[in-house]
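Please examine the sequence and the structure shown below.

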Amino acid sequence: MGQTAQTMPRRLLGAELRRFRLRAQRSQVEAARAIGRDQGRINKVEAGRSNLRPEELETLLTFLDVTPEERDRLLAMSVEARKRYPRSRAYVDHLPDSYRRFATLESQASVIMTYERGIFPGLLQTGEYAEAVMRAGDGLWWEPSYEERAERVAFRLERQRVVFDSTPPRRVEFIVTDDAFHAEFGDRELMRRQVEHLLRVADRPGVDLWLLSATTRNSPAPHAGFTLLHFEPPAPAIGFASVAYGPSPYLDDPADTLPLGRVFQRLKQLSTGPAESKDVLREALRRS
């Protein structure tokens with residue numbers, strides 16, 4: 001098989017295969033040798049620009065020592081990746097553990113741009129804030145489960161470590177509306193520690209935080225947040241529209257990602273800049 005279109009299902013599968021290869025501490029050359037291919041084919045597969053035959057994928061997964069559960073998930077993703085979809089400007093990942101695949105894509109981005117309304121983004125959350133947010137939905141959006149919450153909080157903290165401890169530091173830009181400070185989760189002391197955490201993250205190399213008034217006039221994005229991931233060329237950008245519950249749509253058509261970029265820049269113009277935002281956070285701590 002030659003090079004194929006770089007669709008979202010193929011990009012998601014390729015990103016997962018790369019993650020499992022790195023976890024197994026195997027090189028692209030070793031992975032290619034295991035299935036009788038050259039390194040170029042593995043490189044294209046991991047970039048979402050080529051497919052593997054089912055028997056090749058089975059052999060590769062055995063070589064990478066994936067668990068039975070991981071194998072089933074990756075094989076299901078492979079079925080999605082081989083489908084011929086009518087051209088769509090959005091793709092929704094309906095398979096289990098979609099949040100893990102988003103984190104995998106995020107970990108490979110060179111620039112991460114996140115806008116969130118009314119809540120602090122996952123990359124900015126303390127463990128206790130994240131747990132309080134999840135606990136608020138227990139028994140409503142999903143069945144209550146302390147074990148599930150604990151696993152997801154641990155995963156979120158690991159996701160932060162991967163993004164913020166990368167070498168060299170990647171570029172991460174956040175725009176957060178100020179009503180996130182008033183939508184309390186847990187108690188006031190928890191919220192205070194969350195603000196202290198924001199300041200620490202905002203001081204990291206490559207990280208900028210803008211604060212936007214929730215009542216700003218003429219906002220181009222008054223209803224919901226989104227994330228825009230940029231990758232090293234030639235991989236195109238990916239937009240991700242977050243929702244409160246259920247799978248979220250991916251957007252990789254420039255007809256969508258270019259407007260998202262313009263909206264993000266406009267929101268920055270309407271926001272308090274990074275230096276002034278830190279002053280606002282310090283003042284909020286002094287008043288608390």
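Helix H4 passes helix H5 in a right-handed crossing, a crossing being right-handed if the near helix is turned clockwise from the far one by less than a right angle, and left-handed if anticlockwise. This is a predicted model, in which local features need pLDDT of at least 70 and side-chain atom pairs count only at pLDDT 80 or more, while totals for chains, interfaces and linings use all residues. Residues are numbered from 1 along each chain as its sequence is written, and side-chain values use heavy atoms, with hydrogens and water left out.

H4 covers residues 54–63 and H5 residues 68–82; they pack at an angle of about 150 degrees, with their axes 11 Å apart. The two helices are therefore roughly antiparallel to each other, a term for angles over 145 degrees. Their contact (heavy atoms within 4.5 Å) involves Pro 54, Leu 57, Glu 58, Leu 61 and Thr 62 of H4, together with Arg 71, Leu 74, Leu 75, Ser 78 and Arg 82 of H5. Of these residues, five are nonpolar, two polar and three charged.

The loop between strand E6 (238–240) and strand E7 (249–251) contains Ser 248. Because its relative accessibility is 9%, Ser 248 counts as buried, which means under 20% relative accessible area. Its side chain reaches the backbone oxygen of Ala 241 at 3.3 Å. A polar atom of the Ser 248 side chain also lies 3.3 Å from the backbone nitrogen of Val 243. Leaving aside neighbours within four places in sequence, Ser 248 is in contact with residues including Tyr 91, Val 92, Asp 93 and Phe 240.

Key. Axes fitted to C-alpha atoms, helices over the stretch in contact; angles between N-to-C directions. Helix = DSSP H or I, 4+ residues; strand = E, 2+ residues; numbered from the N terminus. Parallel < 35°, antiparallel > 145°, perpendicular 65-115°, else oblique. Nonpolar A, V, L, I, M, F, W, Y, C, P; charged D, E, K, R; others polar. Buried < 20%, exposed > 50% of the residue type's maximum accessible area, 1.4 Å probe, protein only. Polar contact = N/O pair within 3.5 Å; in protein donor to acceptor, adjacent residues only side chain to side chain.
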